[in-house]
Every structure is written in structure tokens, then in C-alpha cells.
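Here's a quick tour for anyone opening this one up for the first time. Have a look at the sequence and the fold, then read on.

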Amino acid sequence: RLLDPANNIVDDSRIKSGQYFSVSTPVKARGNLEFSLQAWLTGAQQEVQLSEQLIPVESSAVAPLNIMIRQSAPSFETRQLQNHAAAMGHQIRINTEISKGKSISQSANLPVDTDTTFSPEILAEQDLLIIDGRALVDLTEGRKQWLSDAIDNGLGLLVLADSALLENFSKLETSVLNGFQLSPLSDADPVVTPRLRTDISTNWQEPLTIAAIQLNADNADILIDDGKNRNLVIRRARGLGNIAISLIGHSHNWLTAGHSGDWGAYWSTLLSTLSRQPSGSFLLPQAGMDFLRVNQRIQVCAFSSETAANLAISSGADSGPTNLIELKLAADEMNSPRRCAYFWSDTGGWHRLQLVSVSNGSVLDQKSVYVFNASQWQAQQREQRVQSTLAMAINTATLSPSAEAKRVPRPMAPFWPWLILVLTGSLLWLERKLDFG
């Protein structure tokens, strides 16, 4: 059972031992919120609570994204995305071709007279462009160059693969989609269950229909696959931007099947990964599976355009800052803009992290993290030790014969046996000499 900060049940799930589960709820308030996760044993006559664990959540407003959608025909896929993104406050521009040479333009959360044309100026204002394969192929060479320049300057591009993209890929593999490889795949199962590689805790169950295409790329990240060595979404960096190709064209089926959480996780991953990255200085998010604990090393990193920026840490973020400390962020050996600091907290609870400019003392960015005490989430600590033990056992069992310790004979220098022989002979000769005397 998932309980909100007011101890109201907002979601639940019935599971068996060892089974994955997922619970979720929309967060309607801002600030540092503390949800609870309870496990109950349900019997025929009574219920017994097995455990209760804290789930800390920091809720904050997110700056709206500027998203442009360009498609060769109307689709349920982009329609659902448009409705969801508009409801979240993102600014949407849509250009849909309805017949040869004719198109219709739409917008959401923008003035009625908003310019939705495909131009270098409009592309420079966008955070992400979503385009299907046919619409990308139909772009003129001049517009493809505009798109390439915009990606180099930070624009994110998501291409929804289709048969037109596969048939005309040779026209794009040396320009916009340089570094990607597409080929037909005739004997593959058209229905697969996607797997989110960036979050191993996600467990999607509903299968989707996938384009019959083999997708690969050089120096790229696999965001989503099917768990059977088939890539479904691949991202590749280019300049300051990112390009991704997706074989998933029917994610809206998750919504019609009642799996809105899976659909949301899929699109949230794509939007956050591909969209234009913020400029200036900001704190980087913690790892998704991090359990920050008392008296353990905690890493905090920031992307800082200022060489002189410090990290201010205070505990008790809600009831007034206490135990204020300030650390200097250190760059790596390459002197990149990514700078990190480490600290060990001796108290549990919320901690406020602030990125502070040394030159004028202004706060460049801030966020809150929760540090767990040793008594919290003990099952997670046990699981971590179990996984470490299993990994060690597997590594030991698979140790190659060449890596095992061997007794290697080394020849002895002839001087030492010769010296022993001479000394032994001398002692025997001396003994006989003394006896005869």
C-alpha cells in the first residue's frame, strides 16, 4: 500500500512472494514530502502489517519544454503525447501533412498567432523535435542542414522509425543520422516486451508491436531493448544535442490497456534524456537507485560554468537550516565543467544542497536529498549484501584456468650447490685428518 503524507491510501498492489510490483500517484503539492510504503499479509480473516518504510519525495515545478512535432500523417501516438504534454504545461507546435503539398498547424499553451514554420529561428527556440521517418525523408536538403545545425547547438531529435525511413536511409546516414545503422529484419517477432535500460527497477509487462527493423549505432546509448539483444531505442550524442531513433510506434496501446504508468515512464525517459540541456550552472540529479545513508560517503556533482562555485549543505531543510557546511567542488583530471564534492552526514533526514557562486554569493541552483538512518530500509541493505556475495561467488566460479595460481619452477643458481659440496667435503676431510692424527 502506498500512503500519502496524510496517511491516506493512494494506491495498492496484490503480489506474490518474489514478484515485482509498481505503485504510483500524482503529486499535487510542492516541497519535501514523505510517503509511506506498507506491506500487509492478507489472510482469510485478518490482515497483518509486515513492514512500513518511508519514501521521501522532493516535488518542485519544472520549466516547460518547447516541443515541436512534425509528422507525415495524423497518428494516435503523437495525439496522446500532445494531450499529455499540453496538460503538463509544455509548449507544443505541431505540423501535420494532410495531403501532398498541404499541411495543418496546431499549437498548445502558445498564443494563437504563434509561428509554427520549420525555420532556423524556430528550431533554435525548441528543446525537442519529434518527427516520423517519412517526414524526415521529405525534408529538403536545406532544411536537413538547418536541422543538423540546430542539433549541433543543443536541439534534441527523436525519429519514429517507419518503412519510409528504412527504404530511404541511405539519404540520411551521411547527414542527419550519421552513425546510425538500419537494416530490414524479416524473421523477428513483431510483438516484444520493451525493457527500460536506464532504470532496472522498471518492469513493463504489456507487449507492443515493433517495426521490423534492426537498429544499431556507433558510440551510442541503448535506452530501451527487448531483453533479447534487440535494440528498440538508441540515443547518440551530436555536438551539444542528442539524436534518438525509436522502433516503438504504438506506445499509446499502453494507455488503452490501462498501463498509463508504463506509458508515462517511457515518454518521461525520452523527454528528459533527449531535450536540450540547461545552460549555466546546475546540480546534477542523484542516481535513481541511490540510498543515501548516515556515515557513508555521499557524492554530489554539478555542471558549473563558473570555476569558483561551492556546495553549501545544511540539514533540517524544512524546520530551518542547521549544521551548515560549505565544500569546494573539484574538477576531474580533464578539467571538465562537471565538478563534484563528497560529504559524510552524521544525521538522518532532509538535507538542503545549494550551488553557491563564490564571486557574489548568489544561489545558482538548489535541491533536497534525504539521508536514511541505519534502521530504515534494512531489507535494502540485506539485498545489497546478498547481491555483492553472489557477484563475488560468480566471479570466483568463472575464474579462468590461466588466472589461477600456479607453481612455477625456477632453476637454482649452480653456485650454491657447488659451495655446499665443497664445504661438506672439507669437513669430511678435516674429520678424517684429525682421527688419523
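## Helix H7 and friends

The buried residues of helix H7 are Asp262, Trp263, Gly264, Tyr266, Trp267, Thr269, Leu270, Leu271, Thr273 and Leu274. Here, buried means under 20% relative accessible area, exposed means over 50%, and partly exposed is anything in between (1.4 Å probe, protein chains only). Keep in mind that this is a predicted model, where local features need pLDDT of at least 70, side-chain atom pairs count only at pLDDT 80 or more, and totals for chains, interfaces and linings use all residues. Residues are numbered from 1 along each chain as its sequence is written, and side-chain values use heavy atoms, with hydrogens and water left out.

- H7 takes in residues 260-274, and its 15 residues reach 21 Å from the first C-alpha to the last, close to the 21 Å expected at 1.5 Å a residue. That expected span is 1.5 Å times one less than the number of residues in the helix.
- Helices (H or I, at least four residues) and strands (E, at least two) are DSSP runs, numbered from the N terminus.
- Helix H4 (residues 141-152) has 12 residues that should span 16 Å at 1.5 Å a residue, and the 17 Å between its end C-alpha atoms agrees with that.
- Which residues of H4 are buried? They are Lys144, Leu147, Ser148, Ala150 and Ile151. They cover an arc of only 165° around the axis, which puts them on the same side of H4. The arc is that of the directions from the helix axis to the C-beta atoms.
- As background, an α-helix has 3.6 residues a turn, so residues three or four places apart point the same way.
- What do the buried residues of H4 pack against? Their partners are helix H2 (120-125), strand E8 (128-132), helix H3 (133-137), strand E9 (156-160), strand E16 (231-238) and strand E17 (241-246). Contact means heavy atoms within 4.5 Å.
- H4 is followed by Gly154, which has a positive phi near 120°.

**Salt bridges**

- How many salt bridges does a search of the whole structure find? It turns up 9. A salt bridge is a side-chain nitrogen of Lys or Arg within 4 Å of a carboxyl oxygen of Asp or Glu.
- Arg93 pairs up with Glu125 in a salt bridge, with the closest N and O atoms 3.8 Å apart. Arg93 lies in strand E6 (residues 91-99) and Glu125 in helix H2, so the pair ties together parts that are 32 residues apart in sequence. Arg93 is buried at a relative accessible area of 7%, whereas Glu125 is partly exposed at 44%.
- Asp152 and Arg238 meet through their side chains in another salt bridge (3.1 Å, N to O). Asp152 sits in helix H4 and Arg238 in strand E16, so to speak a link between distant parts of the chain, 86 residues apart. Asp152 counts as partly exposed, at 29% relative accessibility.
- Asp225 and Arg195 form a salt bridge too (2.7 Å, N to O). This pair links distant parts of the chain, 30 residues apart, with Asp225 in strand E15 (residues 221-225) and Arg195 in strand E12 (residues 195-196). Is Asp225 buried or exposed? Asp225 counts as buried, at 4% relative accessibility, while Arg195 is partly exposed at 38%.
- Arg195, Arg197 and Asp225 are linked in a network of salt bridges.

**Loops**

- Asn7 has a positive phi of about 65° although it is not a glycine. Asn7 lies in the loop between strand E1 (2-3) and strand E2 (9-11), and counts as exposed at 52% relative accessibility.
- Asn109 isn't a glycine either, yet has a positive phi of about 60°. Asn109 lies in the loop between strand E7 (102-108) and H2, and is partly exposed at 42% relative accessibility.
- Gly43 is in the loop between strand E3 (31-42) and strand E4 (47-59), partly exposed with a relative accessible area of 42%. Gly43 and Ile92 are 49 residues apart in sequence and 50 Å apart in space, C-alpha to C-alpha.
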